[in-house]
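Please look at the sequence and the structure first, and then I shall go through selected features.

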Amino acid sequence: DGTVFIAAKGSGNGSPVVEYWTEDPKTSNDEQKVPNGVLVLTVDMKQSDDLLIATLQDLPNNERIAYRVKSSKGTTPIYRFRIGREPGEQFRFAAFGDTRTGHNVHRAVVEAVAKERIDFVVNSGDLVDRGGVQAQWENFFQIEKPLLLKTPIIPAIGNHDWSGRQYFRRYFMLSRWTGDRRYYIQDWGNLRILTVDAGIECREGCAQYAFAEKALSEGAQQGKLMAIQLHFPPYSAGKHGSNKAVQKPIGDLARRYGVELVVTGHDHNYERTRPIDGTTFVVTGSAGAPIRPVSPRRFTAHTRTEPHYVLFDVLDDQITLRAINLQGEVFDSAVIQPNPPETR
């Protein structure tokens with residue numbers, strides 16, 4: 001709906017504000033001055049628990065947003081981001097997951113992804129190792145800082161992220177944009193992304209299933225490409241293997257409504273399946289968690305056991321995938337074709 005939250009750890013001492021404006025996308029990402037004649041808007045950063053949060057509303061999909069934070073302590077550099085694209089526009093996003101405790105690997109993945117020209121990043125879960133330990137969340141965001149200063153994040157919650165202390169809820173501000181749900185949708189150009197909370201019941205009749213069915217049905221009627229993101233993989237040749245609890249509901253929804261792509265983590269490897277009822281399933285869980293062996297199955301198209309991230313290019317009715325290791329090698333690529341909804 002054109003709303004973005006910019007958050008920082010800290011207190012309101014110094015009266016911090018966010019200044020922001022729209023600008024020509026041809027402007028260099030390194031440009032450190034406000035263009036002449038632009039309208040600069042200002043929003044106060046307000047205290048919420050241990051965070052400072054600024055709410056930027058009514059942002060346009062088709063323009064780049066520049067911002068900086070000012071306070072009595074000084075002014076940050078200018079950073080730039082997008083909140084969407086117009087249908088038919090080409091764009092790129094990145095995916096990785098299972099960062100957990102391998103901080104050097106996590107940092108290397110973030111630094112590599114931050115150099116890519118992407119619109120946003122999806123994280124397939126297990127951002128930390130123990131979701132109830134606040135210091136681990138603070139460390140996660142410190143490592144992610146070079147990326148998240150300029151790139152929106154769409155996270156899925158992993159089993160290691162769950163905690164009664166609700167840090168995932170707090171730091172991703174779910175009460176402000178999802179109604180406190182850990183499942184949600186995000187449209188970007190011609191792509192609809194449904195993020196699923198694999199830690200709760202997911203079958204016909206439950207609230208999350210009804211939400212997913214409605215989101216995917218609307219996406220199919222609008223002719224969108226569609227992706228589902230969740231932590232547990234419906235299909236995997238890794239140590240944990242295919243998760244039967246999510247395989248049927250996710251598989252049924254994907255087939256019925258024509259989902260092109262499912263992105264998951266949990267197994268600490270890379271895997272791309274052959275299309276299963278028209279849907280490609282990708283496991284990307286090697287951004288810091290211990291690497292584990294993988295034994296290809298009949299549904300496996302390609303697999304790898306090393307730290308990596310995945311880039312997805314979206315143009316009109318096609319998604320192109322590239323899996324890249326920390327040496328910059330593209331070790332897998334594929335074109336994901338449109339998957340028409342099931343005709344009833």
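Helices (H or I, at least four residues) and strands (E, at least two) are DSSP runs, numbered from the N terminus. Two strands count as paired if DSSP finds at least two bridges between them.

Some remarks on the source are in order. This is a predicted model, in which local features need pLDDT of at least 70 and side-chain atom pairs count only at pLDDT 80 or more, whereas totals for chains, interfaces and linings use all residues. Residues are numbered from 1 along each chain as its sequence is written, and side-chain values use heavy atoms, with hydrogens and water left out.

The pairing of β19 with strand β20 (residues 318–325) is antiparallel and extends over eight bridges. Within it, Val314 stands opposite Ile319 in β20. Val314 of β19 is also the bridge partner of Phe91. That pair belongs to the contact between β9 and β19, which run antiparallel and are joined by five bridges.

How many of the eight residues of strand β19 are buried? Seven are, so strand β19 (residues 308–315) is largely enclosed by the rest of the structure. Here buried means under 20% relative accessible area, exposed means over 50%, and partly exposed lies in between, with a 1.4 Å probe and protein chains only.

Strand β9 (residues 91–96) also pairs with β10; these two run parallel and share four bridges. Ala94 is found opposite Val121 in β10.

Is Arg80 buried or exposed? Arg80 counts as buried because its relative accessibility is 5%. Its side chain makes a polar contact with the side chain of Glu23 at 2.3 Å. A polar contact is a pair of N or O atoms within 3.5 Å; within protein, one must be able to donate a hydrogen and the other to accept it, and residues adjacent in sequence count only if both atoms are side-chain atoms. A polar atom of the Arg80 side chain also lies 2.8 Å from the backbone oxygen of Glu31. Leaving aside residues up to four places away in sequence, Arg80 touches several residues, including Thr27, Arg64 and Lys150, where contact means heavy atoms within 4.5 Å.

Finally, some loop residues. Asp126, in the loop between β10 (120–123) and α2 (134–148), has a positive phi near 60 degrees and is buried, with a relative accessible area of 1%. Asp180, in the loop between α4 (174–177) and β12 (184–188), has a positive phi of about 70 degrees and is partly exposed at 38% relative accessibility.
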